[in-house]
Amino acid sequence: MKSYLHKLTPYLILFTYIIFCLPLFSQKKSDPLLKSAHDAYSSQKWKSTATLLDLYLKDSTVYSDNYKMAIISNLMTNDSDGVEKAISIITKTGTTFDTVLNDVAREFIKLKMFDDYEIVIHKLMHTYPQHKQYFYTNLINYRILLHQPKHVLRVIDEASQRGIDPTLYQKIKAENYILLDSLDMAGDIYHNILVENNNDLDAILFFANLYFVKGKLGFEKVEKEYLTIENPSNLDYAERRNKIGMIYREYFVKGIEWMERAQDLKTNETIEKNLNFMYDIQRKYSIDDTKRNFRKK
């Protein structure tokens, strides 16, 4: 009998949970005050939502989606007390600011109110100007999350104008220039970084990949054109070899130099593969490069 009851214990616990706990959740869900708050939130009636949720949550201290809505609603109100109320809610629950802002950011994305998050951050910066670097970094990461390189660059420039050290975001700025295909702008930034630290791996890899990709694209174009020729003559082959030699000297020589610098700092399979690709072209087409001492023998 004891063994039988022991086996039934988990089921009895589950049954008790269903009988006593689920009605509580159902009651909360059907609470008229909470329902009115959710309806106001869905209609973006921020003042009403904040007021209703302040009443509903007055005796609660456990962070939940309702708290998240209360924080957003207070931040989106036009009165000057909104931010202070939002901060007091965060303090009340003992939740970290990072957690709250991440939740708020995700909520604005869910609501497709992408630019409104920036309004919230600026309100917080106005109230806490001593933490503006933290808020700008948060906003930059938000725009990166949304894959909005133009906005990333705009926010970085704004941060610089507000007195934030521009060197803090230089690599982020360069990466977003790359996304916008503004390689010259990215190159200028990485060049300045190398002036300060000539062993910066990110900057070295940028130039290594830049010259490698340009050379590879040029090489593949020449090869494709050559393959379209029926019964190529010796002259055709010589012209092909000459074009590849020009591409090698214009791009691959620099690509090898930068790639070898990267290899000295941190080698990986991609670097090895790209270097071997360029080495093999020099050998295959007998391109004169007596000044170089190739590492691969």
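Biologist: Which helix gives the most to the lining of the largest cavity?
Modeller: H7, with four residues. Keep in mind that this is a predicted model.

Biologist: Noted. Which other helices supply at least two residues of that lining?
Modeller: H5 and H6 do, along with H7.

Biologist: And which residues line the largest cavity?
Modeller: Ile 71, Leu 75, Ala 86, Ile 87, Ile 90, Phe 97, Val 100, Leu 101, Val 104 and Leu 124.

Biologist: What volume does the largest cavity have?
Modeller: About 50 Å³.

Biologist: How many cavities of 30 Å³ or more turn up in the whole structure?
Modeller: The search finds one.

Biologist: Let's stay with H5. How many of its residues are buried?
Modeller: 11 of 12, so the helix is mostly covered. Among the buried ones are Ile 71 and Leu 75, and both of these also line the largest cavity. Lys 68, Asn 66 and Asn 74 are on the buried list too.

Biologist: What do the buried residues of H5 pack against?
Modeller: Five helices are involved: H3 (32-42), H4 (46-56), H6 (82-93), H7 (97-110) and H8 (116-127).

Biologist: How far apart are the end C-alpha atoms of H5, and what span should its residues give?
Modeller: The ends are 16 Å apart.

Biologist: New topic, charges. How many salt bridges are there in the whole structure?
Modeller: The search finds 15. In general, side chains of opposite charge can pair when their charged atoms come close.

Biologist: Which residue does Asp 103 pair with?
Modeller: Arg 106. The closest N and O atoms are 2.5 Å apart. Both residues lie in helix H7, three residues apart, which is about one turn. An α-helix has 3.6 residues a turn, so residues three or four places apart point the same way.

Biologist: Is Asp 103 buried or exposed?
Modeller: Buried, with a relative accessible area of 15%. The cut-off for buried is under 20%, so Asp 103 falls inside it.

Biologist: What about Arg 143? Which residues does its side chain meet in salt bridges?
Modeller: Asp 115 is one of them, at 3.0 Å from N to O. That pair links distant parts of the chain, with Arg 143 in helix H9 and Asp 115 in the loop between H7 and H8, 28 residues apart. Glu 118 also meets Arg 143, at 2.6 Å. Glu 118 lies in helix H8 and Arg 143 in H9, so this pair ties together parts that are 25 residues apart in sequence.

Biologist: Which residues are linked with them in a network of salt bridges?
Modeller: Arg 154 and Glu 158 join Asp 115, Glu 118 and Arg 143 in that network.

Biologist: Switching to backbone. Which residues have a positive phi although they are not glycine?
Modeller: His 147 has a phi of about 55°. Asp 181 has one of about 65°.

Biologist: Where do they lie?
Modeller: His 147 lies in the loop between H9 (132-145) and H10 (149-161). Asp 181 lies in the loop between H11 (170-179) and H12 (183-196).

Biologist: Buried or exposed, those two?
Modeller: His 147 counts as exposed, at 69% relative accessibility. Asp 181 is exposed too, with a relative accessible area of 61%.

Biologist: Last one, Glu 223. Which helix is it in?
Modeller: Glu 223 is in H13, which runs over residues 201-227.

Biologist: Is Glu 223 buried or exposed, and what is it in contact with?
Modeller: Glu 223 is buried, with a relative accessible area of 16%. Leaving aside neighbours within four places in sequence, Glu 223 is in contact with Arg 240, Ile 244 and Tyr 285.

How values were computed:
Residues numbered from 1 in each chain as written. Predicted model: local features only at pLDDT ≥ 70, side-chain atom pairs only at ≥ 80, totals over all residues. Heavy atoms only, no water. Buried < 20%, exposed > 50% of the residue type's maximum accessible area, 1.4 Å probe, protein only. Contact = heavy atoms within 4.5 Å. Expected span 1.5 Å × (residues − 1). 1 Å grid on protein atoms, 1.4 Å probe; cavity = no way out; pocket = protein on both sides within 12 Å on 5 of 7 lines; lining within 4 Å. Points joined across faces, edges and corners; volume = space filled by probe spheres on them. Salt bridge = Lys/Arg side-chain N within 4 Å of Asp/Glu carboxyl O.
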